[in-house]
Amino acid sequence: MGAIKLELYTDDPERRFVPGAEFSLQVPESSQWHGRHLVLRELRWYNQQPVGFFEGVDDRTAAESLAKAILWVEQSDDEAPEPDAWYDHQLVGLAVVRDGERIGQVAHVEHMPAQDLLVVKVKGREVMVPFVQAIVPEVDLDAGTVTITPPAGLFEELPEADEPADAAADVETDAAAEEPTDPAAAAPTQVADADADAPEGTHGASDTVAPDAQQPAE
């Protein structure tokens, strides 16, 4: 009997994975399983990892042919909806709204170990939005919208901090104001005092280069 390791996206596996439960398959059209369903024989747990055994999957070769397949379950009409819980097909296609304006559309949903992600298509590119209350405060299926409050930089690159032009001008102005008016005192300032004891008249140009004006800190 072929055993298939499962990655669960349901919060209630004991209710979904019972003997006889039927699942539709999402597989490539080239797969031998395309258009078929799986019926569960048994769900077992090995080291907290769920493993499913299905009818018609009788050996390892058959199990390996189902690698990366997605199992779907039909929603029962009499099933009570869970609060703040949605199926992927309910989210895909919803308009994404920020500050009252539509900015994109939910392309699909990624289920990650830490959290789910809404993949939003925006101007020809895809942005992954963490599907958490702080960033996605509202899902309105009737209106067909998902309201988001993303942090800065999630949908656009943050501008780099430019050097203030007026600040640089202030530095130059201050430097000019402090410049002495006495021609004798206006001589260039020495870079270092290594030659401070040298005989008079022996200072070369390399000893008297004035330091450049300080640029404002970035």
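The charged end of Arg44 lies over the ring of Phe53, 4.4 Å from the ring's centre. The model is predicted.

- Strand S6 (residues 95-98) pairs with strand S11 (residues 145-147) in the parallel sense, over 3 bridges.
- Val96 has Val146 in S11 as its bridge partner.

**Aromatic pairs**

- A pair of aromatic rings is described by the distance of the centres and the angle of the planes.
- Phe17 and Phe23 are stacked, because their ring centres are 4.9 Å apart and their planes are at 25°, where under 30 degrees counts as stacked.
- Both Phe17 and Phe23 are buried.
- Trp86 and Phe131 make a tilted pair, with 5.9 Å centre to centre and 35° between the planes.
- Trp86 is in the loop between strand S5 (70-72) and helix H3 (88-91), and Phe131 is in the loop between S9 and S10, so this pair ties together parts that are 45 residues apart in sequence.
- Trp86 is partly exposed, its relative accessible area being 26%.

**Aromatic cluster**

- One aromatic cluster is formed by Phe17, Phe23 and Phe54.

Conventions: Residues are numbered from 1 along each chain as its sequence is written. This is a predicted model: local features need pLDDT of at least 70, side-chain atom pairs count only at pLDDT 80 or more; totals for chains, interfaces and linings use all residues. Side-chain values use heavy atoms; hydrogens and water are left out. Two strands pair if DSSP finds at least two bridges between them. Helices (H or I, at least four residues) and strands (E, at least two) are DSSP runs, numbered from the N terminus. Rings of Phe, Tyr and Trp (its six-membered ring) pair if their centres lie within 6.5 Å; planes under 30 degrees apart count as stacked, over 60 as edge-to-face and the rest as tilted. Buried means under 20% relative accessible area, exposed over 50%, partly exposed in between (1.4 Å probe, protein chains only). A charge sits over a ring if NZ of Lys or CZ of Arg is within 6 Å of the ring centre and within 35 degrees of the ring normal.
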